[in-house]
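Dear colleague,

I am passing on the structure below, with the request that you look through it before reading my notes.

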Amino acid sequence: MQLLASPESTLSMLDASLPNAQTRVQARIMPSELRPPKENLHVRIQNIPIIEGEYLLKRIPSADHLHRLLAVTGTVTRTNQARLIERRRLFRCQKCFKTVTAFPDDRQFGSISKPLYCPHLVDDIPCPSNRFEAVMDEANNCQDDYQEIRLQEDTSQLDIGAVPRSIAVILKHDLVDKCQPGDSVMVMYETSVFYS
Ligand SMILES: [Zn+2]
């Protein structure tokens with residue numbers, strides 16, 4: 001139930017546990033060849049029992065379902081070109097000169113914004129700066145695959161005369177380039193508000 005109610009935080013927590021899981025598996029099966037865990041791995045959940053009306057919906061949902069894990073079947077009507085986005089970007093505070101790491105925002109189609117505030121302390125009080133400059137970070141210059149597609153409701157599931165809705169879906173990592181326009185798919189996703 002935690003996965004259904006808080007999918008982003010639950011999946012992030014599971015992703016964060018993967019390096020430790022890799023190390024433990026390696027130690028068990030190849031103790032003499034321990035290597036650093038791979039970084040860009042992601043948990044994929046399969047075989048969640050289908051609960052129609054609970055998270056498998058006939059129609060693309062409204063704002064009432066924001067930030068929940070949902071599944072909907074439909075037809076892919078458009079696939080944008082896959083592209084690479086930065087995994088993270090370093091910014092330097094222009095007051096305390098410490099660095100802050102910022103991450104891509106799916107609600108802004110993978111762009112990375114400057115931090116809104118500085119999280120560091122100066123003389124034991126929060127740094128009041130909101131001025132940052134991006135800095136080169138050669139050590140963490142990683143990129144991720146990213147793609148936007150458009151999904152339209154399955155018209156065979158709709159009442160006669162109903163106009164099918166469609167939504168933008170963001171695919172990342174290993175899910176990029178896995179479908180084409182015309183494909184019938186079931187998408188499990190977390191709803192979010194987009195700013196364009
Ligand atoms: Zn600062």
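**Strand pairing and overall form**

The bridge partner of L70 in strand β11 is Y189, where strands are DSSP runs of E with at least two residues, helices are DSSP runs of H or I with at least four residues, and both are numbered from the N terminus. This is a predicted model, in which local features need pLDDT of at least 70 and side-chain atom pairs count only at pLDDT 80 or more, while totals for chains, interfaces and linings use all residues. Residues are numbered from 1 along each chain as its sequence is written.

The pair L70 and Y189 belongs to the antiparallel pairing of β2 with β11 (residues 184-190), which runs over seven bridges; two strands are said to pair if DSSP finds at least two bridges between them. Strand β2 also pairs in the antiparallel sense with β9 (residues 143-153), over five bridges, and here G74 stands opposite E153 of β9. With β1 (residues 56-57), by contrast, β2 (residues 69-79) pairs in the parallel sense over two bridges, and the partner of L56 in β2 is A71.

A further group of strands forms an open sheet of three, in the order β5-β4-β8 and with antiparallel pairing. Because β5 (99-102) and β8 (132-135) stand at the edges, each with a single partner strand, one side of each is left without a neighbour in the sheet. The twist in this sheet averages 35° from one strand to the next, the angles running from 0 to 180 degrees between the N-to-C directions of axes that are lines fitted to C-alpha atoms. Strand β4 (residues 89-93) is joined to β5 by four bridges in the antiparallel sense, and L90 has T101 of β5 as its bridge partner.

The C-alpha atoms fill a box of roughly 65 × 50 × 35 Å along the principal axes. Of the 196 residues, 8% count as buried, meaning that 20 or more other C-beta atoms, placed from the backbone, lie within 10 Å of the residue's own.

Conventions:
A residue is buried if 20 or more other C-beta atoms lie within 10 Å of its own, exposed if 12 or fewer, and partly exposed in between; C-beta atoms are placed from the backbone.
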